[in-house]
Amino acid sequence: MNPADGLRFACQPGCTRCCQQDGFVYLTEDDLRRAAAFLGISPLQFERRFVYRTPRRMRFRKPRGRQCPFLLDSGCAIHPAKPTQCRLFPFWPELVSSRQAWRRTAHLCPGIGQGPLIQIGTAIETASEMEHAYPALYAPPPKPLHNR
Ligand code: SF4
Ligand code: SF4
């Protein structure tokens, strides 16, 4: 595998390994509306039940002992309306830009290395959707102020 040429990926049926990794599931305002509509409840009801919001980002609340409130034994309970980061994995900027990171991720994701070859330009374009969706996660840190 050489990320300079392209990447292979095909999500494997029945797998939920990425959903079990330690971490947070962030969502956009559109993600929130889509997931709420999928469950047939209002965005406000959805947010009250499932979301932890700070001024710059939103994420799912973690149930005790689980990483995501929608992870069931049978798979993702909101699969057609899952958040952007779930939909785009493993085409995340930090993974498609680093051969080492992509290889490391292959240890947890059995879909990496499978399926058709995806040109690196296409993978980077897909990954850029992450940057647009989650500016608070990908924006460069503010420069420190200098004392005069
Ligand atoms: S770990 Fe990979 S193959 Fe498994 S569900 Fe996630 S993306 Fe699909
Ligand atoms: S929302 Fe669905 S795809 Fe995303 S982490 Fe939860 S169970 Fe997995």
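1. Secondary structure. The protein chain of this predicted model carries 7 helices and 6 strands. Read from the N terminus, the order of elements is β-α-α-β-β-β-β-α-α-α-β-α-α.

2. Overall dimensions and packing. The C-alpha trace spans about 60 × 45 × 25 Å along its principal axes. The protein chain has 148 residues, and 22% of them are buried. Take the contacts with a separation of 6 or more: 71% of these join residues 24 or more positions apart.

3. Ligand 1. Which residues surround ligand 1? The shell consists of C11, Q12, C15, T16, R17, C18, F89, C109, P110 and G111. Sorted by class, the shell holds 6 nonpolar, 3 polar and 1 charged residues.

4. M58, location and burial. M58 sits in strand β3, which covers residues 58-60. Is M58 buried or exposed? M58 is buried, because 21 other C-beta atoms lie within 10 Å and the cut-off for burial is 20 or more.

5. M58, contacts. Which residues does M58 touch, once neighbours within four places in sequence are set aside? The partners are Y26, L27, L32, V51 and R53. For a separate reference distance, take F46: M58 and F46 are 12 residues apart in sequence. Their C-alpha atoms are 12 Å apart in space.

How values were computed: Residues are numbered from 1 along each chain as its sequence is written. Chains are lettered from A and ligands numbered from 1 in the order in which they are written. This is a predicted model: local features need pLDDT of at least 70, side-chain atom pairs count only at pLDDT 80 or more; totals for chains, interfaces and linings use all residues. A residue is near a molecule or strand if its C-beta atom, placed from the backbone, lies within 6 Å of it. Ala, Val, Leu, Ile, Met, Phe, Trp, Tyr, Cys and Pro count as nonpolar, Asp, Glu, Lys and Arg as charged, and the others, Gly among them, as polar. Helices (H or I, at least four residues) and strands (E, at least two) are DSSP runs, numbered from the N terminus. A residue is buried if 20 or more other C-beta atoms lie within 10 Å of its own, exposed if 12 or fewer, and partly exposed in between; C-beta atoms are placed from the backbone. Two residues are in contact if their C-beta atoms, placed from the backbone, lie within 7 Å.
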